Amino acid sequence: MSFALLLAVLFNQKHKFVGIYRTIFYIPSLIGGSVAVSVVWRQLFGYNGALNDILISMGILREILGRILKINYT
C-alpha cells in the first residue's frame with residue numbers, strides 16, 4: 001500500500017521520464033485486455049465455438065458446413 005502511494009506521489013510530480021514510465025507501466029494492461037478479448041471471440045465464433053454449435057443444433061449451419069467441408073451430419 002505504501003509503495004503504491006509512493007508511486008502515485010512520484011507520478012503526480014513533473015519529472016523528465018514520467019511519461020515513458022507511465023507508458024511502460026500501462027502496456028501490459030493493453031496486451032492483457034486484447035488477449036482476453038481474442039480468447040472470448042474465439043470461444044464464441046471459432047470452428048467449434050458456441051455460436052456455431054447453436055446454429056448447427058438449429059439446423060441453420062448444417063447445410064452450409066456440409067457443402068463447404070463435405071461432412072455428413074446424421
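This is a predicted model: local features need pLDDT of at least 70, side-chain atom pairs count only at pLDDT 80 or more; totals for chains, interfaces and linings use all residues.
Residues are numbered from 1 along each chain as its sequence is written, and side-chain values use heavy atoms, leaving out hydrogens and water.

Trainee: How many helices and strands are in the chain?

Mentor: Helices here are DSSP runs of H or I with at least four residues, and strands are E runs of at least two, numbered from the N terminus. On that basis, the chain has 4 helices and 0 strands.

Trainee: Is Ile31 buried, partly exposed or exposed?

Mentor: Ile31 sits in helix α2 (residues 18-45). Buried means under 20% relative accessible area, exposed over 50%, and partly exposed in between (1.4 Å probe, protein chains only). Ile31 has 49%, so the word for it is partly exposed.

Trainee: What do we call the way α1 lies to α2?

Mentor: The axes of α1 (residues 2-12) and α2 come within 10 Å and cross at roughly 135°. Under 35 degrees is roughly parallel, over 145 roughly antiparallel, 65 to 115 roughly perpendicular, and the rest oblique. So α1 is, relative to α2, oblique.

Notes
Axes are lines fitted to C-alpha atoms, for helices over the stretch in contact, and angles run from 0 to 180 degrees between N-to-C directions.
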